[in-house]
Amino acid sequence: ATLGIATCAALLSVHRAARRQFGAKAARAYLLLTSSQFHYLFYASRTLPNTFGGVLCTLAMARWIDGQHVSSVRLLTAAAVAFRSELVLLLAPLCLLMLVR
């Protein structure tokens, strides 16, 4: 149950970040798209590496949307090292974008 709550909290953090940065319509669209994805909600409380990595990755995206880029990179690095090494494919372009800015 705790993992499911963490997954929902991470999704809500992206919703709040989207509402702050892009407005209520974008946040509502994100909420509708996310809630219609059966597989994400089905695996939300399963103790799999994808689920743990998904929580960290979702929190990282919320931080990125809010402009907290260093915190986002830290979360993605932790998720890549501990759970899912292919997150490096997401982390590399974000780091390059930080260097360009």
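Colleague: Why is Arg 84 called partly exposed?

Modeller: Its relative accessible area is 25%. Buried means under 20%, exposed means over 50%, and partly exposed lies in between (1.4 Å probe, protein chains only). So 25% makes Arg 84 partly exposed. This is a predicted model, where local features need pLDDT of at least 70, side-chain atom pairs count only at pLDDT 80 or more, and totals for chains, interfaces and linings use all residues. Residues are numbered from 1 along each chain as its sequence is written, and side-chain values use heavy atoms, with hydrogens and water left out.

Colleague: What makes Arg 84 and Glu 86 a salt bridge?

Modeller: Their side chains meet at 2.8 Å, N to O. A salt bridge needs a side-chain nitrogen of Lys or Arg within 4 Å of a carboxyl oxygen of Asp or Glu. The value of 2.8 Å is within 4 Å, so the pair counts. Glu 86 is partly exposed, at 41%.

Colleague: How many salt bridges does the structure hold?

Modeller: Two. One of them joins the side chains of Asp 66 and Arg 20, at 2.6 Å, N to O. That pair links distant parts of the chain, 46 residues apart. Asp 66 sits in the loop between H4 and H5, and Arg 20 in helix H1 (residues 2-22). Helices are DSSP runs (H or I, at least four residues), numbered from the N terminus.

Colleague: Is Arg 20 buried or exposed, and how do you know?

Modeller: Exposed. Its relative accessibility is 53%, and the cut-off is over 50%, so Arg 20 passes. Asp 66, at 25%, is partly exposed.

Colleague: Why does His 69 count as buried?

Modeller: His 69 has 18% relative accessibility. The limit is under 20%, so the residue counts as buried. His 69 lies in helix H5. It touches Trp 64, Met 98 and Arg 101, not counting residues up to four places away in sequence. Contact means heavy atoms within 4.5 Å.

Colleague: Which residues of H5 are buried?

Modeller: His 69, Ser 72, Val 73, Leu 75, Leu 76, Ala 79 and Ala 80. They cover an arc of only 165° around the axis, which puts them on the same side of H5. The arc is that of the directions from the helix axis to the C-beta atoms. Their cover includes H4 and helix H6 (88-100).

Colleague: What does the face of H5 turned away from the buried side carry?

Modeller: The exposed residues Arg 74, Val 81 and Ala 82.

Key:
Helix = DSSP H or I, 4+ residues; strand = E, 2+ residues; numbered from the N terminus.
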